[in-house]
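User: I am new to this structure and would like to learn how to read it feature by feature. Could you take me through it slowly, giving the general idea before each case?

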Amino acid sequence: MKIRPLALQALLVLCLFGACNKDDRHDQSIQPVSWSGWNVLSTIAVVGTDDPVDTPLQRAAQELQTYLDRVSGRAWNVAQGDVGGPAIRLDVNGASARLAGSNDEAVHVRVDDTGIRITGKTPIAALHGAYILLHKMGVRWFFPHPAWEVVPEALADLSPSDEVHAPLFLERQYGMQAGHLVAVPSGGRDWGQWITRNRMVGPAHYSAQHSWGSIADKVELARDFPDAVCYYADGVTPKQLHPDHPEVIRRAQEFARTWLANPTRLHHTTRTQQANLSVPISPPDGNTIWCDEWRVNGLYSGQVITDKAFGLTNEVAKMLQQEVPGRYASVLSYSWYSRIPSYPLEPNVFVQVTTFQRYSGTNDGRALTLEERFDGFLQKGVLVGLYDYFDVWQYDWDEWYDPRPKLENLLLARRKGVRHFVAEVSDNWGPKGRLYWLGAQLCWDPAADPEVLLQDFYRRAFGPAKIPAERFYQHLDRLGEGPLGFGLAFRDLAEALEVSAGVPQVQERLRQLAHWAYFRARWQDQLQRETYAGISRADAEAAYRYVNRIGSERVVTLRPHRDQLESVLRGYGLTDADLTALRNTTPFSPEETRQLVDEGLTLFGSATLPEMAAAGIRDVPLVPLDRADLPRLAPGWGNWGGEVIVPSAGNETIDITARVTTVNGRFDLEWKAPDGATLATISRHYSEVGMNPVTWSVTTSAPGMYALRLAGDPSWYKVDLARPAALDVSPGWKIPGSSWSAYMVVPEGTPAFLIEVRSGSALTLALTDPTGATDSHSFALDESGRVTRTAPAPGVWVLRTTITPNAAGNVAGRRLDLLGVPPLLWHDPRFMLVPAAWAPVLRVVPGSLLIPGTARRGQGFPLTADVLNSGPVAGTFFLRVTLPEGTSHVSPAMTLLPGQSGPVSVDVAVPATAAVGTMPLDVEVIDDRGAAHDRIAGSVVVGEGP
């Protein structure tokens, strides 16, 4: 592959990200006249020529042939060279006018009477085009296991089109430990196919990694150049390179020459040829490895370390401009060197911004937000990438996460014009499969919406079981891996398996999810930092047998589970022969899987669990509780889970007050739009604000439900708003501080609600019902438990928690899940949001309607009725009386608290033209939103006028 000059390459990149006048990613300005359909097609013609050492065109033809055979039910031919008549044509044309201004992965897909023509700017771009066509047909590769391949039963009807597709990122990379892949016999092959079919492999590679240890050996360097390194306290042992030393710079430049001597490299999994476009010049990883002279006032200075690290990269970049134009010197923005350099950077520096950075133990004040780091490097005119952590085994241990928060960094990178993406992943597709698939799709389409993609996943992967399968994911997203989340999840799986009987592909996918769920529910408490600490021999043997039986499904990361369990079992005296005897890899049968699901239902008692509302709480209208008769509680908000919902009519400024209540690093708040986009961020370090409140003004544009979200390191915060708002705890929430209280609403007709608490410190939970009766429940350290109320009294309840400090005086937050009632909590009963459908309920008290027996034409009379508010929320209403000829008379407004009743009067004027005799009256109760609550009929006898 020929490398373009740097300036031209930069221009093409800018075009890709919208800096050119024409957006060529999905351009349809040239519309073909017509499309003859699939019936005239039977041949796939390989028109273009592959690179001598790569064959993506041939693979594209084979993949199209394989899936077209399966979908159409007829045989397709592959021809080398062009053919006469309509066909699917695979071509490569780097000089195509339709691909001008696009990067090397751009592909032109045209559908018309001549068939389908796929023209890539490079051979691998043409391969992308084949997968784009298959995607249009409905083919999906959700997870690497063959069971997650979705192939439709008929060819999709295409329309005439003329489109150019190109990825958002110059390179898209998922980094997985090789040991994870080799644990499964087909692991490497399946993974290579998945990343290729989901277009995660391109023609270029930009390497960014720790490399100072490879540039120079500290000990050897110190012998010949003592001042080229700094030393530990003994003054003898080398500690770190001095990156601004001439010899270190010389060796770094020589390292770069050697690294880039080979212009191409083979992708480690797919063996695809890629251009070698960058050399890593980045410091090592560690916490105490920096030179003591880089401290300021006794603390490491992240700014000093950043300037030192980037300075060496800058020197290599200067050399590359002269000797290897078009190549980059790359450096991580990571850990201790995550600030913005204080000097200009060379244009051929590539900065891979990681989402990990240190600020504790430095004298730099608050940490920079990810957006600030992106902006800082983009303003310096360098190539910027994102390095994220979708899953790191040592920290996540196959735990379930909602994928959407994990995707926020990627979506921010898309919006900012960041050009490179890498994420660490593991081979655990049970809890993380959606995240990995969604991330791959978002790397291409600039308009792709995660929620739309999720619906595509649920519909195509689960077919007739879409609804219960989607609930399975939603319950775990909201509730996590506690007994409550697993109880509902097993109930969802049982229903999904029942409704999908007779659809083997769907059944197999559901069975794999059940195998992950049972594993985590059964052994998660014994899985601690991948050591299975304290597990008994019997449980270790059972877990070992289990992970080996489900290992080929790749729903858990097999290698570390297997290795750690083998270590534990050897500690119990088992030999290699004993382990071999336990290593049964026979997959579970459908009958055995159903037994696991039934056991899960028994373990967690899901038959007694109340269900959450199918729609998200923000998808229903919300109104303020408006209870001036209840006292205002102290504001509070935890550090993890939950968002404060703030409805707005649009075009307004909202003032927020927040207060730090414990010392622990950074204070971050995010203001989010109704669609989830981050509109603004405020970031403070505790050292800046102490206990002083932080005031922040945010704005809204369109009407909708906005949200205030906590980000950053754990600390306790209190948030207050003098306007309608509520804390949404549906995603799961950590109770703040040592004591906290809030209101919650129980709608009338609620069969039951449930509160679950788990992990952390000892805790007391007190519930006060609308009558004032209170009962308390205590939970010991690390104890999980539930409080259930059946047929609870409707109205406003108070939830209070008290957390007991441990022996060291520390308070650990407790996770709280709320089910069966609106997941909205707030401290101010005037402004607390509740679903509008549950408030208020206004009725005329039977027998209370009072109307004079007679009236005269041209005069008025009073009409009175008693109205009762039987709902849980205060209501403002009017009494409206409508006469036969259509005129209406409305009373003054009246507000009734829940359970309160009162008389309402309205003066009714009798028209002078009214007929003498009985006149019917239509009496309605109307609230301040115009909704009718009750209607009764009355009458009055009309006599002659005065």
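This is a predicted model: local features need pLDDT of at least 70, side-chain atom pairs count only at pLDDT 80 or more; totals for chains, interfaces and linings use all residues.

User: Let us begin with strands. Which strands does β20 pair with, and do they run parallel or antiparallel?

Analyst: Strands of a sheet pair through backbone hydrogen bonds, and they do so either parallel or antiparallel. Here, strand β19 (residues 349-357) is joined to β20 by 5 bridges, and the two run parallel; within this pairing, Gln352 stands opposite Gly385 of β20. Strand β21 (residues 420-424) is also joined to β20 by 5 bridges, again in parallel, and there Tyr387 stands opposite Val422 of β21.

User: Why can β20 be described as largely enclosed?

Analyst: A residue counts as buried when its relative accessible area is under 20%. Of the 7 residues in strand β20 (residues 383-389), 6 are buried, so the strand is largely enclosed by the rest of the structure.

User: Where would I look for an antiparallel pair?

Analyst: Strand β13 and strand β14 (residues 273-276) run antiparallel and are joined by 3 bridges, with Leu266 having Gln273 in β14 as its bridge partner. These two strands belong to an open sheet of 3 strands, in the order β10-β14-β13, whose pairing is mixed. The edges of that sheet are β10 (204-205) and β13 (264-266), each of which pairs on one side only.

User: Which cysteines form a disulfide here?

Analyst: A disulfide is a covalent bond between the sulfur atoms of two cysteines. The structure has 1 disulfide by the distance rule applied, and it joins Cys230 to Cys291, with an S to S distance of 2.0 Å. The pair links distant parts of the chain, 61 residues apart: Cys230 is in strand β11 (residues 229-231), while Cys291 is in the loop between β15 (278-280) and β16 (295-296). The angle about the S-S bond is -85°, and the link of Cys230 and Cys291 is left-handed.

User: Are Cys230 and Cys291 buried or exposed?

Analyst: Cys230 has 3% relative accessibility and therefore counts as buried, and Cys291 is buried too, with a relative accessible area of 0%. Cys443 also counts as buried, because its relative accessibility is 0%.

User: Finally, how many cavities are there, and which residues line the second largest cavity?

Analyst: Rolling a probe the size of a water molecule over the atoms shows where empty space is left. A search of the whole structure finds 4 cavities of 30 Å³ or more, and the second largest cavity holds about 100 Å³ of space. Its lining has 13 residues, of which Arg172, Gln173, Tyr174, Met200 and His267 lie nearest the centre. At least two lining residues come from each of β9 (171-175) and α5 (187-197), and β9 gives the most, with 4 residues. By class, the lining of this second largest cavity has 5 nonpolar, 6 polar and 2 charged residues.

Notes: Residues are numbered from 1 along each chain as its sequence is written. Side-chain values use heavy atoms; hydrogens and water are left out. Buried means under 20% relative accessible area, exposed over 50%, partly exposed in between (1.4 Å probe, protein chains only). Two strands pair if DSSP finds at least two bridges between them. On a 1 Å grid over the protein atoms alone, a cavity is a set of points where a 1.4 Å probe fits but cannot get out, and a pocket is an open set with protein on both sides within 12 Å along at least five of seven lines; lining residues have an atom within 4 Å of a point. Grid points are joined across faces, edges and corners, and a volume is the space filled by probe spheres set on the points. Ala, Val, Leu, Ile, Met, Phe, Trp, Tyr, Cys and Pro count as nonpolar, Asp, Glu, Lys and Arg as charged, and the others, Gly among them, as polar. A disulfide is a pair of cysteine sulfur atoms within 2.5 Å.
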